[in-house]
Amino acid sequence: MLGDDRMGILGLSKLICDKAPSAVKENLMKNYFGRKVAIDASMAVYQFLIAIRQDGNQLTNEEGEVTSHIAGMFYRTIRLLDNGIKPAFVFDGKPPQMKSGELAKRAERRQEAEKQLAKAQESGEAEEIEKFTRRLVKVTKEHMADCKKLLRLMGIPVVEAPTEAEAQCAALVKSGKVYATATEDMDALTFHSTRLLRHMTFSEARKMPIQEFVYEKVLQEMEMSHEQFVDLCILLGCDYCEHIRGVGPKRAYDLIKQHKSIDEILKHIDSKKYTVPEGWVYKEARKLFLTPDVSSADNVELKWTDPDEEGIVEFMVKQKGFNEDRVRSGVKKIIKSRQKSTQGRLDDFFKVLPSSPAVKRKSDPKTKSESAKKKAKTGGNYKKRK
């Protein structure tokens, strides 16, 4: 079963905003027109199950089956397509063995949430009932199977990762197959996604801008290597191992800046003040981030095709009880967006050439004098070619 309160890296987004502010920018969805984006599917489905509700409950059909995830995947993917974005949804495979501890903690938190929900229901506290009901939302294999089926009918690429979806997304970004990873989990950066987009699947519904992190700028401003950044993320707290008790984001950052690696930090840390986990498996976590189990991008085919209208109607209307007129209207939007997306982006045609020391700058006095000589020769009609 998949995640409830997936954590990623604790405190990382705030730390980046503080220490590398120019690495983060906000954008409207329409500014990603023509971009291919790899979307962390389980995170998106979890959001749909939480957000798409009626009278405080998840959407269901007449048979009582939950359909919030199907509605979210259909209508919000159409919004992405309508904005000229080409989404590819990447689904988690088997979680790495090292994640078992984190999954066990989540199970404990679910049990606690169930107890709290029962108390809230006894006392009739509506806000508390809502809070703990949301905490108990769980993405199941059936939800994921529904979404994969629907996406394929919509003509959207579905990628099945061997293990972690964020790692597979990062591999697709690094290879140039897609522009960015879209997820709320910051560990996409730890897996070396060169760009991360947060709020992509719900930005318009919640009237929020998309937050874009540029990883190269993060490293430049923090003055760190990728390896040092990975060690920083392990210190902050990741899904694969415990972290040093008492070390918060600021302290973790300062320690990495001073000692450059966890190995060196352990030689100098005050073990009376900070509790290092017994048998700490930070090296294994580091290896998992640096060399994750992913399919080679060369072997991943991303192909966007025309939607299967009748197949979508059969699945959404006849099997899941959606309104046929609305579904067919949605399919027409997909077809229209496919015609629009053939325009492409201008910056895909015009590539910026790297600056070279051989090219003289405008402020170079020699360049100015040469320009003046040319003007004199042509009677002042010399114009720079564009």
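**Salt bridges and aromatic contacts**

Glutamate 324 and arginine 328 are joined by a salt bridge in which the closest N and O atoms are 2.9 Å apart. This briefing concerns a predicted model, in which there are 17 salt bridges and six aromatic pairs.

- A network of salt bridges links Glu309, Glu310, Glu324 and Arg328.

**Salt bridges between separate elements**

- Glutamate 65 and lysine 320 meet through their side chains in a salt bridge, with an N to O distance of 3.7 Å.
- This pair links distant parts of the chain, since glutamate 65 lies in the loop between β4 (57-58) and α3 (68-82), whereas lysine 320 lies in the loop between α14 and α15, 255 residues apart.
- Glutamate 65 counts as partly exposed because its relative accessibility is 35%, while lysine 320, with a relative accessible area of 11%, is buried.
- Aspartate 263 and arginine 286 form a salt bridge whose closest N and O atoms are 2.6 Å apart.
- Aspartate 263 is in helix α12 (residues 262-268) and arginine 286 is in helix α13 (residues 282-290), so their bridge ties together parts that are 23 residues apart in sequence.
- Aspartate 263 is partly exposed at 25% relative accessibility, and arginine 286 is buried, with a relative accessible area of 17%.

**The loop at glycine 321**

- Glycine 321 is found in the loop between α14 (309-319) and α15 (324-341), and at 57% relative accessibility it counts as exposed.
- Although glycine 321 and glutamate 65 are 256 residues apart in sequence, their C-alpha atoms are 9.7 Å apart in space.

**Aromatic rings**

- Two numbers describe a pair of aromatic rings, namely the distance of the centres and the angle of the planes.
- Phenylalanine 74 and tyrosine 75 make an edge-to-face pair, with 5.0 Å from centre to centre and 75 degrees between the planes.
- Phenylalanine 74 is buried, its relative accessible area being 0%, whereas tyrosine 75 is partly exposed at 32%.
- Tryptophan 280 and tyrosine 282 form a tilted pair, because their ring planes are at 45 degrees, with the centres 5.0 Å apart, and both residues are buried.
- One aromatic cluster is formed by Phe191, Tyr240 and Phe289.
- Lysine 148 places its charged end over the ring of phenylalanine 91, at 5.2 Å from the centre of that ring.

Methods. Residues are numbered from 1 along each chain as its sequence is written. This is a predicted model: local features need pLDDT of at least 70, side-chain atom pairs count only at pLDDT 80 or more; totals for chains, interfaces and linings use all residues. Side-chain values use heavy atoms; hydrogens and water are left out. Rings of Phe, Tyr and Trp (its six-membered ring) pair if their centres lie within 6.5 Å; planes under 30 degrees apart count as stacked, over 60 as edge-to-face and the rest as tilted. Buried means under 20% relative accessible area, exposed over 50%, partly exposed in between (1.4 Å probe, protein chains only). A charge sits over a ring if NZ of Lys or CZ of Arg is within 6 Å of the ring centre and within 35 degrees of the ring normal. Helices (H or I, at least four residues) and strands (E, at least two) are DSSP runs, numbered from the N terminus. A salt bridge is a side-chain nitrogen of Lys or Arg within 4 Å of a carboxyl oxygen of Asp or Glu.
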